[in-house]
Amino acid sequence: MKKSSFVILLFIITIVSLSVAQGVVSNKLSTKGVILHEIEKKVYDYKTQNSILSEEILYNSSLTNLASKAAELGFGKLREQFVLNSGSSLAVKP
Amino acid sequence: MRWRYNFLFIFLSVLFVSIIARLFYWQVVKAEMLSELAISQYTGVREIAPTRGEIKTSDGFPIVANKVSYILFANPKEIKNKKETIDRLSSFIDIDIASASSLLNSDLFWVPIKSGVSAKVKDEIEKDSPIGVGFEQQFNRFYPEASMAAELIGFVGKSDEGKDKGYFGLEGYYDRLLRGKEGRSLEIRDALGSPILSKRNENISGIGGSNVILSLDRSVQFLVEDRLKKAIESYEATGGMIGIMDPQTGNIIAMASFPTFDPVNFQYYDETLYSNNFIADTYEPGSTLKPIIMSSALDAGAITPLTKCPICYGPVSVSGYELHTWNDKYYKDTNMIDVIKHSDNTGMAFVALKLGRDRIIRYLDRFGIGKLTDIDLQGEALAQLKPKNAWYDVDLATTGFGQGISVTPIALLNAFSAIANKGVMMQPKAVSAIEGPDGKIIKVPTKTRGTPISEKTAKIMTEMLVNAVDNGEAKWARVKGYRVAGKTGTASIPVEGHYDPENTIASFIGFAPADDPKFVMLVILDKPTTSIYAAETAAPLFFDITKELLTYYGIPPSE
């Protein structure tokens, strides 16, 4: 009798403690969804900002924009080119 | 007394059975319906649109990218003062007040007011805190280089289902690769709509579109478009196009066509501008076809470079038609080298007749004339050859100097590239690699289309073309110090059964440096009016671009 009572008591204690543990964990977990949602929103916002910055970089580094800015700043086309075919002499006879 | 117990027993049994039956009905028969109702109540399904792949030039710069924009929407049931809301919104963005007003008066919970709103404008509107108005993020195509290579790229419109779809050019040809696959997010939510972490949360990730990396050189494309625009204005032409290809790989280095359209606002342009004229237009090439016919005749052994033309002392009569040279100058006993140099139509008629119908058709087929090049762009046109039994002597003769036969510019450029590449014709392609959503790059291999002529014939033809540049009608415009191979073409335009006496298509085709070609280029000007001759319009444009390209590629002069 004593042995069976002991086993029953053990089961009751196990069930109660597991129930309490489940309650505690579920309670802690219940608000994590909101935190996850906030994190996801932050990621989404950062991705959006990255996209906007990327757009600005591409526009500013485009040849179309550079050519227009270069013209405004007074850059002109290189008129003369020269080619070095052979090594230059150390000294030239007059 | 006993009957009371029996009555109670039967009554309770019937009640019990009824309850069980009802439970069975709701928990088994109607289980699926109730489950779906519950799911719709506590779950939210979100479609995740994939990001469309970018199109990049050979230096990795995205010539077509995606930018964030927003759909401005409103909830008419939340807005009390509709006029005031419209007035406030119209101070930030340009909206059609009449249609916005009609939308806000509708009996709906969600109406779109304007799409394509930028992030900056969105922030400004949000600061104003309008009630009943919100924003939904979307991605639109963004072109950092404006309308550069618009015909090559195509544009993105909507399909019948309202989804993004590519049309024309690369957007059309590679639509499935660029599009990607939609994803789905299934979230469990509480009574207030906040998400709950649950093992039943489901995320089916979408697959982003692949990026397409072109062989297009952005700097060369910029240069070509600039020069072409200026030439069209300068020579008062109705339009023009230029294609540049690497003869050793078939890679398209540049492709430009004017007039063009803005891919962002494509809907405001005439539909005829959407197609890429360089692959979709057919025209009679004129003298730019002469190198193809001449090299065919050389390769077939019908003639040699020093073969004399016995009929070139005056206009040639073929089947009752009289064929003249372009300037009515005739050279008795002229050889084939001089036929190309002088662009002698009578000489080319002789060559074509010597080659004969069967061989000319066979060589045109080997050069890909009359067939699609299968370039990886949507909208290529086919300029078919006449059937064999429809060829008469006059057709042979006129084909010899590029009239009475139609080609697309890309087919001609591809055929001509065989002369530049030791007789080997490569498959033209605009895309050099595909970059998957995981960043893995798969190169598009180069492919040989055929070997229409031998290496020896290609070498001989190259020398004849160099001689044509150095001593022909366009010699005044040539690039000094370099060996450039090329041919002018002043083609008449067929109009309702005869040729237009006043307008021409002026073109020049060539490659440089002649001994180790880095590029082959075809320049076409449509109906120039300051001069109808290619030697005075297309040729100087060709040499102007060639000079820049030789410097760009760091190629020193050879002479």
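β13(B) is mostly covered, with seven of its seven residues buried; buried means under 20% relative accessible area, exposed over 50% and partly exposed in between, with a 1.4 Å probe and protein chains only. This is a predicted model, in which local features need pLDDT of at least 70, side-chain atom pairs count only at pLDDT 80 or more, and totals for chains, interfaces and linings use all residues. Residues are numbered from 1 along each chain as its sequence is written, chains are lettered from A and ligands numbered from 1 in the order in which they are written, and side-chain values use heavy atoms, leaving out hydrogens and water.

**The sheet.** β13 belongs to an open sheet of five strands in chain B, ordered β13-β12-β22-β21-β20 with antiparallel pairing. Because β13 (252-258) and β20 (485-495) of chain B stand at the edges with a single partner strand each, one side of each is left without a neighbour in the sheet. The twist averages 15 degrees from one strand to the next. Helices (H or I, at least four residues) and strands (E, at least two) are DSSP runs numbered from the N terminus, and two strands pair if DSSP finds at least two bridges between them.

Strand β12 (residues 239-245) of chain B is joined to β22 (residues 519-526) of chain B by seven bridges, and the two run antiparallel. In this pairing B:Met241 stands opposite B:Ile524 of β22(B). Six bridges join β12(B) to β13(B), also antiparallel, and B:Gly243 has B:Met255 as its bridge partner in β13(B). These two strands form a hairpin with six residues between them, and B:Gly250 in the turn has a positive phi of about 85 degrees.

**Helices on the sheet.** Helix α9 (residues 218-234) of chain B lies across β12, β13 and β22 of chain B, at about 30 degrees to β13(B). Helix α18 (residues 538-552) of chain B lies across β12, β20, β21 (498-512) and β22 of chain B, at about 145 degrees to β22(B). Axes are lines fitted to C-alpha atoms, for helices over the stretch in contact, and angles run from 0 to 180 degrees between N-to-C directions; contact means heavy atoms within 4.5 Å.

**The cores.** A nonpolar core is a set of buried Ala, Val, Leu, Ile, Met, Phe, Trp, Tyr and Cys residues joined through side-chain atoms within 4.5 Å. The largest has 86 residues, and B:Met255 and B:Met294 are among those with the most contacts inside it. Helix α16 (residues 409-420) of chain B gives the largest share of this core, eight residues. A second, separate core of 38 residues includes B:Tyr235, B:Phe258, B:Ala512 and B:Met521.

The axes of helix α11 (residues 290-299) of chain B and α16(B) come within 10 Å and cross at roughly 45 degrees. Here B:Pro291, B:Ile292 and B:Ser295 of α11(B) meet B:Leu412, B:Ala415, B:Phe416 and B:Ile419 of α16(B).

| Residue or bond | Feature | Value |
|---|---|---|
| B:Phe258 to B:Pro259 | cis peptide bond | omega near 0 degrees |
| B:Ala512 to B:Pro513 | cis peptide bond | omega about -15 degrees |
| B:Asp328 | positive phi | near 60 degrees |

B:Pro259 is found in the loop between β13 and α10 (277-280) of chain B, and B:Pro513 in the loop between β21 and β22 of chain B. B:Glu236 is placed in the loop between α9 and β12 of chain B. B:Asp328 has 46% relative accessibility and so counts as partly exposed.
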